[in-house]
Amino acid sequence: MPVSLAVAKLMEEYNRFSSTTLNELFDKDEKRAEKYTIEFSDLMYDYSKNRFDDKVLDALFDLAEEHNLKARINDMFEGKKINVSENRAVLHTALRNFSGESVYVDGKDVMPDILRVQEKMKVFSDAVRSGEFRGATGKKLTNIVNIGIGGSDLGPYMVTTALRKYWADDIECYFISNIDGTACAEVLKRINPEETLFIVASKTFTTIETLTNARTCREWLVKALGEDAVKNHFVALSTNAKEVEKFGIDINNMFEFWDFVGGRYSLWSAIGLSIALAVGYDNFIELLKGAEAMDIHFRNAPLRENIPVIMALLGIWYNDYYNLHRYAVIPYNQYMKFLPSYLQQLDMESNGKSVRLDNKKITDYATGPVLFGGAGTDVQHSFFQLLHQGTAAVPVDFIIPAISQNETGKHHLILLANVLAQAEALMKGKTLEEVEAELRASGKNEEEIEKIKYNKVFEGNRPSNMFIIKKLTPFTLGMLIAMYEHKVYTQGVIWEIDSFDQWGVELGKQLALKILPELESDELKKHDGSTENLIKRIKQIRG
């Protein structure tokens, strides 16, 4: 692909700027932090600890404009078929549209259907939480078991965990996704069938992992309560009414969603039923309203004041020019411990692509980076060694509430001190001279100093973003999730890829369906030598 004007300018800026350090940037401009901080609602975004100056930013915004980013953002909100490989609109944003305005797909306003399903979710979740809808023996349903995989598991699992403080006192939520039988076994041994509601989340109602787990749970329930109990203890999040009814689920308890809602964007839809049951429908709506607030910001804010756009451009700057093909997300909040796992799917399934929208192979730039993370301060004692002293920098997103939901003694002040210290340490580092002075002050002799000094040097100049929310609430969580969704889409636009398909997950599924009968019988078809040998050995071990 020919190098565009904006790309050529960025290459020029990289050659000019790349040896500049963050410490130098702060030394030159005492107002840098104030200049590069955006406050929006209950969110503050400080991006000053990133490797850029105004000329670099100008070139990055030129890149966005060269790709008609503003128009492409509107394309999504207006229901255009931006998922080109599947010829679909992408309208998870319509699920949190409270403006009263219509949203059209193929000339049809989709808002009436969305509002109808939301009302059905409200009525049902209220009925379960109040005890109006009960199990087959008349007991209240207080164990909620969500059976899904991918987005239909990761989304509600992450959100219900993050909003644990908002759960009803008498409700417990469980999640089954892995086809490993252990996943079912460990949940089923902890719950009472008379008090359990199973939610089967599968659009097609044919997903092998989900349906296998659902059938195991069904057998367990029927053994305890009889066949007729299925309609009182199972609901479906699906569009396949025929298969849902065949399973034994009352068709009135099927909650639909649509082709314009991708799995990793589906927690805002009926897939969020477990969220509504756990935290209450009003809090579920607050989650959606937080996301809507970020939608409005993303769509309307100028690019230079647009939080997801700036995040995306800085990510491209590191990925494609500094060749830093990974980044970390570290929420300093125990409730948000599964946010990095959720974002892994959002980012890597969306932008882990190597074919452009024009169906040409990408050969001259990198796309989706590897994302990893975990909850601070735990991960300070696992992979932060690599962040501080590894051979390549890893850009980091730090996220923390200023106010804890559990203010206990000095816990939260210590947590705040840690997140601020980590960002400062990554940026500033520690020079050899500082290390030598420290060691002499501690009483080390010159031989001892020489032996250890290089191990205690911190290179610094390692970039980070800092996101501070006032407090973790359904609203602020919704904002954060939508912020990352829009960041990922922005990067997809600039990399000229389809962020909304996921063909890369298909081949392994197809091959697994071919291998399964071979594990169940004496049959053995042609594979590579390794796979054939592994099949034989596993069958021998299993007898």
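Predicted model: local features only at pLDDT ≥ 70, side-chain atom pairs only at ≥ 80, totals over all residues.
Helices here are DSSP runs of H or I with at least four residues, strands are E runs of at least two, and both are numbered from the N terminus. With that in hand, take Asn461: this residue sits in the loop between helix H19 (446–452) and strand E13 (464–471).

Residues are numbered from 1 along each chain as its sequence is written, and side-chain values use heavy atoms, with hydrogens and water left out.

Start with the overall build. The protein chain has 22 helices and 13 strands. Its radius of gyration is 26 Å, close to the 24 Å that the globule rule gives for 543 residues, so the chain is as compact as a globular protein of that length. (The radius is taken over C-alpha atoms, and the rule is 2.2 Å times the number of residues to the power 0.38.) Along its principal axes, the C-alpha trace spans about 80 × 60 × 60 Å.

Buried residues account for 50% of the 543 in the protein chain; buried means under 20% relative accessible area, exposed over 50%, and partly exposed in between, with a 1.4 Å probe and protein chains only. The accessible surface of the chain comes to about 24700 Å², and 51% of that belongs to carbon and sulfur atoms. These areas come from the Shrake-Rupley method with a 1.4 Å probe, and for residues only the protein chains shown count as cover.

As for how the chain meets itself, take contacts (heavy atoms within 4.5 Å) between residues at least 6 apart in sequence: 74% of them join residues at least 24 apart. Ala423 gives you a local view. This residue is in helix H17 (residues 411–428) and is buried, with a relative accessible area of 1%. Leaving aside residues up to four places away in sequence, Ala423 touches Lys49, Phe398, Ser464 and Met466.

Next, the cysteines. The structure holds zero disulfides, a disulfide being a pair of cysteine sulfur atoms within 2.5 Å. For Cys184, the nearest cysteine sulfur is that of Cys217, 4.1 Å away. Seen from Cys217, the closest cysteine sulfur is in Cys184, and that 4.1 Å is too far for a bond. Cys184 counts as buried at 2% relative accessibility, and Cys217 counts as buried at 0%.

Finally, a few backbone details to check in the loops. Asn461 has phi near 60°, a positive value in a residue other than glycine, and is buried at a relative accessible area of 14%. Asn87 also has a positive phi, near 55°. Its place is in the loop between helix H5 (69–77) and strand E3 (104–105), and at 52% relative accessibility Asn87 counts as exposed. The last stop is the peptide bond from Gly376 to Thr377, which is cis, with omega near 10°. Thr377 lies in the loop between strand E11 (370–373) and helix H16 (384–389).
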